[in-house]
Amino acid sequence: MRNLPLHAPIGRAAHKAAPLVALAVLANLIAWSPAVAVNPDEMLSDPALEARARSLSSELRCLVCRNQSIDDSNADLARDLRLLVRERLQAGDSDAQTEAFIVARYGNFVLLKPPVQWNTALLWAGPALFLAVAAFGAFRWVRLRAPLTASDVPAPLSADEEVQIQSILREKELL
Amino acid sequence: MTALIGDFSLILALCFALLQAAVPLLPFRRRDPSLAAFVDTAALAQCAFIALAFACLTYAFVTSDFSLAVVAANSHTTKPLLYKISGVWGNHEGSMVLWVLILSAFGASVAVFGQDIPDRLRSRTLAVHALIGAAFLVFILATSNPFWTLANPPQNGEGLNPILQDPGLAIHPPCLYLGYVGFSMTFSFSVAALIEGRVDAAWARWVRPWALAAWCFLTIGITLGSGWAYYTLGWGGWWFWDPVENASLMPWLSGTALLHSALVVERRNTLVSWTILLGILTFSLSLVGTFLVRSGILTSVHAFAEDPTRGTYILLMVSGFTGGALALYAARVSALRAGPAFALVSRESGLVLNNVLLCTALFTVVLGTFYPLIVDAIGGDKISVGRPYYTRTFIPIVIPLLLAMPVGPMLRWKRAELLAALHRLNKAAIAAVVVGAAVLALTFGREFVAAFFLAMAAWLVVGSLIALARRVQLGTAPFDTTLNLLRTTPRAYYGLVLGHLGVGVLVAGIAGVSTWGTEHIGALKVGQSFELSGNLLRLTDVRDVEGPNYQARRALFEVTRRGHLVARLQSERRFYPVRQQETTAAGIHTNLISNLYVAIGDPDASGAWTVRFYYHPFMPWVWIGGLTMALGGFVSLSDRRFRVGAAQRSARALALPSSA
């Protein structure tokens, strides 16, 4: 069966408009990579190790993609990282050691779950702080308002008023 | 010629927008009754000229008029007609024209359908609205004019990004824009109310339909976007916490809060200043969304126009409108009367809690989206905020929101009994416990999280149904009465039931697919097969096909379950020569409860194809839930309460007897 030359045109066009094509390829890389992530040839034969690799890679960011994990990306760099993760795991590293290994090379940027440290304290504590302040504020606001008085609870309508209201409603087509 | 007409139309629209803004806001002839009529006409004229410009641009795309720079850069003669048309908004310039078209259409609808709004309020609302329109028109004319022409038009265009050549993408942006831009109406109403210094229940009734319409479209837009990501990315992801998705989620969350707080204003005339603030905030967040997408500060696939000049202008616009409105708010908020009191346990308080939780969820998304920028700016450190962060922060905030959701409609206005309200929900609680226990039992206690969220889903769904059952006195009154009540219950109430029900379905979908979704990635030669969760996938054929403007490698699959054919699927890898790009079209089979999903990859050295096969139980419910929520919004929108003015007029005109 004939294989469709899926990548060939890029090569053919390359000598004509190399900079343009390079740009297109780059744009393609940096875009959300459509399709594919982990390839069968990358997978480890030990299912337990492979499962650990998968769960680790889903928390590592593909550096050239947009908020995509290396597990979901088909960029070459993501593949390299996936292989690196598997290499470390096979060498007997724990999950934490593997992660530390990768962070040492690529920085915190590679972690989709930002580490808890001084400059992310607000990020992690922010939602809880906001909730506490908002809930307290709302509670005080509701409480501090003039309390419900007898006049706030209206007396039931008299028979006359009832008739009146029915006629108004009917007129306004609300009934 | 087309370019000239289009360009000129935009300039004329700008003139009308400026007049529409100036006349009611400048301090002369304020009492003149013809003023309101003038503003209405200006709003219609502004809309008409933008529509003309949009038509010109569409014409240029359909006829492949490459003398226009934007057509040359984004279209191609071989592109199918649908994508020539959707190409109009598949680029920065054209999408901005669509943006102002929708903006002016909202203004024109207020001019046409808002005749029962007092003239002064309507004129001022339209004036504020025209200011937004004028700012965007200046932005288009100065930095992103789609009618800029090329001195030497090329033979053919550069084509549209293949990722955008998709029916979902043809309707996703217009829906999203209807949502984003729709909230401009609540912004204008809020600012106009601040200028008036008076807000009452009637104001809430006028503004709510616009907020509701915008919310519905935003909900549909987000749902469609997630569906598009699902089938186009080739591995079944449907939400990434990508900055641009967050940009649409932010106004959605604050818009949802707005819908609920506007209810309190409408019914009880309290929470007024808070609702005004939300009205301003929601549109500001929509503008921030635009800023995020256009500026390239937070890059994403959606950022088809990354240009710092445009970003700066939009940033100025965001800060101008938000800052101006907030300054006005600060100056005028004391003039707004605090409404009547209510008890700590009451429908009002329930809605306050709703707002507190929704705003916290909103704050979390804002924090997660912008924090990396802040850290980068102050410390030079680069961090990423992805799914694991939101799982740990956003979800825990949503849990109490979901828990409280069915309780709200059980509470009375002013003062309520919490225990009585909970007692009314005992069937929902039983349903939740049964579902949770069943899931735990079936999974031998392993899937605690799934059991919890499915129990929550049952709580929401049954809770919503109980709200309806109580409303129509099902079981407590004679059946005739119930039937009668079913007919007379306001549509807004059905909207509530459907909206909350949709959330339940959505929660079930998310819980189900995250827990039981399975995948198998393997290499298959034609005729070979592998199994996943009882589904046997066989690759039956791989062939090359020609699309209208692409070449594709199409793989055909058969899925059988216990020997019975379940589905025939096909997946394609498409290559677009014009753009030198590849896309994937996944093969999806759905039975509305679960999806089978297959995507073909590259061949390996031995000629076997990489095949990704996914089993996604409950996946369709995510979108069914989203669309049910939007449906609830539309049903609510059709409530006659919002049409009372119109009904009165037509009744008088036709002298029809009262229908009830």
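Biologist: How many bridges join strand E8 of chain B to E9(B)?
Modeller: Eight bridges join E8(B) (residues 594-603) to E9(B), and the two run antiparallel. DSSP must find at least two bridges for strands to pair, so E8(B) and E9(B) pair. A strand here is a DSSP run (E) of at least two residues and a helix one (H or I) of at least four, numbered from the N terminus. This is a predicted model, where local features need pLDDT of at least 70, side-chain atom pairs count only at pLDDT 80 or more, and totals for chains, interfaces and linings use all residues. Residues are numbered from 1 along each chain as its sequence is written, and chains are lettered from A and ligands numbered from 1 in the order in which they are written.

Biologist: Which residue is the bridge partner of Val598(B) in E9(B)?
Modeller: Phe613(B) is that partner. Between E8(B) and E9(B) the hairpin has five residues, and Gly607(B) takes a positive phi near 90°.

Biologist: How many bridges join strand E1 of chain B to E9(B)?
Modeller: Seven bridges join E1(B) (residues 518-524) to E9(B), also running antiparallel. Thr518(B) stands opposite Tyr615(B) there.

Biologist: Why is strand E9 of chain B called mostly covered?
Modeller: Eight of the nine residues in E9(B) (609-617) are buried. A residue is buried if 20 or more other C-beta atoms, placed from the backbone, lie within 10 Å of its own.

Technical notes: A residue is buried if 20 or more other C-beta atoms lie within 10 Å of its own, exposed if 12 or fewer, and partly exposed in between; C-beta atoms are placed from the backbone.
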